[in-house]
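Here is a friendly tour of the model shown below. It starts with the overall fold, moves to the chain contact, and ends with a few local spots.

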Amino acid sequence: MLNLLLIIGTLYVLALVYLTWIARDNDRSSANYLMAGSNVGSFLGLFTFAATLFSTFTILGMPDFFRVHGVGAWIFIAVSDMFMVFGILMVGYYVRRKIKESNTSYYGMAGFMQHCYRSRTAGIVVFLGAFLFLIPYVAIQIKGVVLFLDQAFPNKLPIWLWASLMLIIMVIYSELGGLKAIMYSDVLQGILLLLVIWVIGIVCLNRLGGVSQMFEQVHRVDESLLSVPGPKGLFDFQFLLGSLIGIVMIPFTQPQVSTRLVIMKSHHALYRTAVALGFFAILVILPTLFIGMYGAVHYENDSTADFLGKTLITDQLPLIGVLVLLGLIAAAMSTADSQIFGLGAEIRSLLKGEDHHALRSTRGAILIFAVICLVFSLFSPDELVLLARLSFTGTALLAPMIFLGIFSKDAARWSWMPWLTMLAILLFILSSFNIIPNKLGQIRTDLILLISLGGIAVIAGYGSGSRRVSGKSQGANF
Amino acid sequence: MTMRRKIWRLTIGLVLLLLLLTFTPFVIPMGAHHPHLFGIPYTMWMGFAEALILLALTYLGTKVHPGRDE
């Protein structure tokens, strides 16, 4: 099987090389390198959004979540994603308008908030928030795939070498081709992800005898898997609400997604992308239900690693097993490269001076972020879904500050908002490590922080007569 | 107010209504999985239906969004 992986993997790398080559451009400005010329249509938009959003978390995390916690996982991720898609439609327009009206060069939300609040602190808080919560997320994705590869091919390569190889390939095509190369590779990786997850999903569903039979068998194993809060009581009201808020805020708080929101060539292209993305989300998440339920029936008491190894590799034909491995690598790379690159763009947005020098520093920063992710991936814990949720929730704490900056005439009046956001991030981190209580009374600390910050932003905004960004059309393109 | 703007506001209202319903027993009845639909437990088929309705509302929203003509 290793030989098969090497052959198909080589073809895959060659395809990435080709995509990087066609993405190369003589125009090496920040606008072109970091923002792909801000001229992205809905087809490319769909795949780059999808490949960036749906990662290892989808292929490895979601089946295991369905297996362990039951059908509530659908509400946790699929329903939340649908609200997120509507949020892109509803708020994305105003974000784009505000950026256009500001007459500044947008490279990242950090720089834009620095502009809105006329405060360097605002930019630093946005960057720090993204950095603190994205690095562990990138690291855990790489680790998830690497552990899986190690299990599939024990003692072939050390874990650090698998991780380094992935990151080296990612950094090479990101550094050479910029965001365009990442987006072109996203198309390949998005299609591969969809193909792989459906092949496995259909195999699992067939083995269970169809949808109705599947739930009947799950019912016999553990009835509580068929309802919320699930066997371990995870999907309670607060967990689902906190997750939904975190996921809905992703397009505005996580740089790899907010960049894509801004670089669409028109509002119309963004709208079409939003609808297609919603459809893609259902298509991607549905087969993970089949895989998870298959696991609940056949591998109820197995560890996560054993369940995934058996279901995705051992129980499949060798060719499918190899495609799964490749799909996993693609899923991890397509999200991780965008996240690392997005952090680089945030750094660029904070830099002043000549574009050439700023871009050189940005490329250096991207390299440094990749190395940090590599080191972190070797030492991080391996609870994929819960770390992903930590990332959603952590970055969501930036949302009230970002929205206040976007929806108000003069955000500089609320110079305390970045400081308050920083305090909330600090409290969230302390509660995540149980240094302070993760519940106050019966309510989760993260939920209290999210709702408090949101409430303060709303009161500040409306209380001071802020207005929604509106106005007459100034043209469609950025 | 134009008809398009009214429909846009109605779309937002329906999405907010769905948001509220998501966290009520209407979508997530605690510990209950009946009634089944084609053998599918309640929260699953209701969640699936909700996802489809939200997708449809998003599509409708693209047709009536205030920034559609820009």
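## Overall fold

Chain A has 19 helices and two strands, where helices (H or I, at least four residues) and strands (E, at least two) are DSSP runs numbered from the N terminus. The radius of gyration of chain A is 22 Å, close to the 23 Å that the globule rule gives for 478 residues, so chain A is as compact as a globular protein of that length. That radius is taken over C-alpha atoms, and the rule is 2.2 Å times the number of residues to the power 0.38. Along its principal axes, the C-alpha trace of chain A spans about 60 × 55 × 40 Å.

This is a predicted model: local features need pLDDT of at least 70, side-chain atom pairs count only at pLDDT 80 or more, and totals for chains, interfaces and linings use all residues. Residues are numbered from 1 along each chain as its sequence is written, chains are lettered from A and ligands numbered from 1 in the order in which they are written, and side-chain values use heavy atoms, with hydrogens and water left out.

Of the 478 residues in chain A, 62% are buried; buried means under 20% relative accessible area, exposed over 50%, and partly exposed in between (1.4 Å probe, protein chains only). Among contacts (heavy atoms within 4.5 Å) in chain A between residues at least 6 apart in sequence, 84% join residues at least 24 apart.

## Where the chains meet

Chain A brings 40 residues to the contact and chain B brings 38 residues. Together the two chains bury about 3,400 Å², with 80% of it on carbon and sulfur atoms; buried area is the accessible area (1.4 Å probe) that two parts lose on being put together, summed over both. On the chain A side, A:F83, A:F86 and A:V275 lose the most area to chain B, together 18% of what that side buries.

## Local spots

Take a look at helix 17 (residues 399–407) of chain A: nine of its nine residues are buried, so this helix is largely enclosed by the rest of the structure. Among them are A:M401, A:F403 and A:F407.

Leaving aside residues up to four places away in sequence, A:T362 touches A:L34, A:G344, A:A345, A:R348 and A:L351.

In helix 8 (residues 159–208) of chain A you will find A:L161, which is partly exposed at a relative accessible area of 26%. A:L161 and A:V146 are 15 residues apart in sequence and 9.1 Å apart in space, C-alpha to C-alpha.
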